[in-house]
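Keep the sequence and the 3D view side by side. We will walk through the links between side chains.

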Amino acid sequence: MNLFRYSAVMLALIAPQVNADVFISQVVHAGSNSKAIEIANSGDQAVELKGYELFTIRDGVADHNKPYVAYALDGVTLESGEVWVLVRSDAGGTHGAELKKKASELANSQVLNFNGNDPITLRKNGQIIDIVGEMNGVEFLPRETWVRREAAWHAQTDYSRGDWSALKEGSIDYLGQLADPGDEPEPVEPDFDQVATIMELQGEGFHSPYTDPDNYKFYSDETFKVNGIVTYVQSSNGVLSRGFYIQDQQGGGNACASSGIFVHGATTGLSVGDKVDVYGKVQEYYGATQLSVGKNPIIKTGTGNIEPTALRIGNCEVDGVAEKDNFEITLERHEGMWVKLDKDTDMKVARTFGFDFGPFRNNMVASYGAVNYHPNQKYAPGSEDAIAVSRSNKQRRLFIESPKKAPNGVIPWYPEFGTDNGTGTTDDYIRVGATIDGMEGFIGFSHDEYRLFVTNKADASFFNHEGIERTEHPEVKEGDIKIGAFNVLNYFTSPFGGASNPLEQNRGADNGDDFQVQGDKLAAAMLAIDADIWSFLEVENNGYDYMSSIVEITRRLNEQLPPEKHYAIMRHPEMKTVGTDAISTKVIYRPTVVSLERAEVIEMPAQHVPARYWPEGVEAKSAFQRHSMTGVFTVNGNGERLILSSNHFKSKGSECWEDHDMETGEVVDADEQGQCENFRVSAAYTLAEALDELDGHKIILGDLNSYAHEDPIMLLTNSAPEGYEIKAARNTFLGGKELHGNDGALFNHTPYNYIDIIAKLHPDGFSYSYSDTVGNLDYALISPSLLPHVVDATEWNINSRESTLFEYPTKNTGKFGKYDDPFRSSDHDPAILTLDFLPSVKLGSKVQLPESPINMPSENRPSEGETFTAVVDLTLLNRAYLQVGEAVQVIIDDRNIYDVSTYSRSQIRRLSRADIQRGWVSIDLVNVGAGESRVTYLYNGQIVNDRQLMIKEKEAAYSGGAVNMLLLMALASLAYLRRRGQIGK
């Protein structure tokens, strides 16, 4: 007996059995809206149904966001032994007309819009007195007619499947009367042409030998009698059609033919373990071999047992191809079979659980032996090697499905996925690259792909993450400077108080809760990385004022950091927004680590192809790109210049002239570079030429929307194979002037020679997962001059390996919990580069300080463009001795209250014996900017004071007396200094 235990919410709705003689006596569930509910009175007295109502619980969830659906029965009176039938007024199809004739009342009520997982109840005065079905979304009612057995002719709040007789779909012989049909008569064997085994029907190829789909023969001529054991029942349509799987108990001795098959037809009365004779034709249904039984009966012949078969590569051959060379042969010879994926099957998670736009549902993808790299990640587009990778990816692919469509935010076969471990995160996750161990299900085929329909329940032990575990911090060697690049997945503040962007769009969070989660996750990732310079992509292009996106990100970080680690926001002094897109690139940096000489905005080209050159029927369009935000920095402590360029090239999903077939107008992508690759080449060329005009070590950071061997990257790294031509887009313009004309431009070898440093150090790494392939879209490309300074470079796989369910949006994730951890903080992984510039310092002897500085000068009065000479009184550090080699640093910048800056200058002075003996040092900061500036003083990396300083425009005199470090520090008490924890320790 299948009794259901109810939640507290449901118990509150359940009443003691009142007038138990009134109950639901029959339910009709057929296609084309042919649905009915019958209620009966088995007592010896008439019952007036005032206060009674039929009541459907959507999806069997008591607190579901879908409302309960009720139909009042006031005005109905049931005489003793009488029934009352409610039928959908729009019942149609084969059964609709006859069904309506049985109606006591026709209605278009939602209570008759039930599905197989919607319990149907009878309530009195708001409390449940009778129930048909199971709660929590369990499919209990296939397309059948259910009639209540006489032994259960009373209302009861404990549902039991054994109380009901199941009749075939559309059966209404007993509707309209209180009757028990008893057991159905034994079915009569139909006519058939021959007896066959499942293996004979499946054959050793990719379709049944009794069909010929290449010549449009999708059904066999013969009707077969086939025996097998039921291994799975799909009682209603879902991802799988209604039907059941059977498998040959013996296997037939042919290891190269499947011993299982799907039977498309009625499932009435069938259970797993039934041994059955099935009668039907073999059908190739969109590539899947199945038996189509029509109205033929399923005859039970006994019971049996089947165990899942471990999926293994065998020694079979199809059309001259060995199984070891094509994993699809392995999948085909297990089609329809109950299989198990264990560690020796060697199936890797290729795409973790998320939405699949092909069949338009949530699922997962596995691949045999290894994750699937994008073909252009390691090979030139269109090359034989790239084509071979693409073919291999297809052959090794297996989609992981649930037989029923997964609701938003739920993995049906992994109920504990994403549950909180008690620390504000989860241990129940699935990462790309994990080895699957323990999953069971049936191999099917649809949408041109092999699929495993999972039948058992998974937990964390099913996924071996050895070597790819989540980590709290990136595994990267430290240096003097750490640089990060991060696509932040549309961080938009305009809906929450920030200014609008030029397009007045919102591509980010659409409610405050999601926005808070997004910010928390991004901050968690950034703080764990702890970069000194950040390049951000997909930040809303809404300026640098209060609640602008870049100000809000920086505020979140600075609030959680000590003052000496605070970030400043790089801004071009003449630009409020960068370009005209809704998003832009941004840069923040630590003035304690690097100085900002100036910000540059490198304009990217636009494409304007005249309408006469577009294919017939295709509307002419212009194409634009986001400008590059480039900072000229110097390394504090040695003056080396870093040119850091933050970029976000044109999307692969955009549209450019070169994407179209000139005859058909269709968009084509023969080499799998996506759309607009030629336009991205134009951007790469423009960027490289502009950077070539700047002196210093160069770093190209960002999301270049190109895999590692695609044209834009090969142009920048001068790595195209011999004879390979890289083509820039036609009709491109810079600042209104033509860049490349009608013919575009061709390149093979280029003079740029940037180094893809992450790929050089980690050739198998990746930063992005799309569909079921991985690769790099996020880069740190360095000039050769920087190579000697590189300590390490990597991507931190906090996003590409993780399920989209962990992302901030809740729109399509139901009630799935979100966490303030770094995992799936974006769809791109951050790229990280560490550099060494400063020599190691060995501190010398301790030297006693004088009681007061000896002959210390005052600070000067600089104007714009002049040198500011800062003077630091060492005697105010409240130390009797200082050590030779200790550091004093002074920073001047124009950071405002939002930490926005157009420049900064800094120098570090290593103390000599003479410096300490005289009790002061001076530090020159050249070419200071105009306006209100901030001067910050540090000792051994800790801030000891800061103050404001007004810098006059050029040639203007400085008003007021000089204020030097000595005077200001004298005003600060020793308690203040100790409270800040920055000196005297």
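The model is predicted. Start with the disulfides. A disulfide is a covalent bond between the sulfur atoms of two cysteines. This model has 2 disulfides. Counting bonded cysteines along the chain, they follow the pattern 1-2, 3-4.

Take C256 and C316. Their sulfur atoms sit 2.0 Å apart in a disulfide. The angle about the S-S bond is -95°, and the link of C256 and C316 is left-handed. Where are its two ends? C256 lies in the loop between β15 (243-247) and β16 (260-264). C316 lies in the loop between β20 (309-310) and β21 (317-318). The pair therefore ties together parts that are 60 residues apart in sequence. C256 counts as partly exposed, because its relative accessibility is 21%. C316 is at 7%, so this cysteine counts as buried.

Now move to C656 and C676. These two cysteines form a disulfide with sulfur atoms 2.1 Å apart. C656 and C676 are both in the loop between β40 (641-648) and α9 (677-692), 20 residues apart. The torsion about their S-S bond is about 105°, so this disulfide is right-handed. Are its ends buried or exposed? C656 has 1% relative accessibility and counts as buried. C676 is buried too, with a relative accessible area of 2%.

Next come the salt bridges. The count is 47. Begin with K394 and E328, whose side chains meet at 3.4 Å, N to O. K394 belongs to helix α6 (residues 384-395), and E328 belongs to helix α4 (residues 327-332). The two residues are 66 residues apart. K394 counts as partly exposed at 25% relative accessibility. E328 is buried, with a relative accessible area of 14%.

E802 and R431 make another salt bridge, at 2.6 Å, N to O. E802 lies in the loop between β50 (790-795) and β51 (831-835). R431 lies in the loop between β27 (397-401) and β28 (435-436). So this pair ties together parts that are 371 residues apart in sequence. E802 counts as buried at 2% relative accessibility. R431 is buried as well, with a relative accessible area of 3%.

R895 counts as buried at 11% relative accessibility. D893 is buried, with a relative accessible area of 0%. Elsewhere, salt bridges that share partners join E328, K394, R397, E449 and D772 into one network.

Terms used. Residues numbered from 1 in each chain as written. Predicted model: local features only at pLDDT ≥ 70, side-chain atom pairs only at ≥ 80, totals over all residues. Heavy atoms only, no water. Disulfide = S-S within 2.5 Å. Helix = DSSP H or I, 4+ residues; strand = E, 2+ residues; numbered from the N terminus. Buried < 20%, exposed > 50% of the residue type's maximum accessible area, 1.4 Å probe, protein only. Salt bridge = Lys/Arg side-chain N within 4 Å of Asp/Glu carboxyl O.
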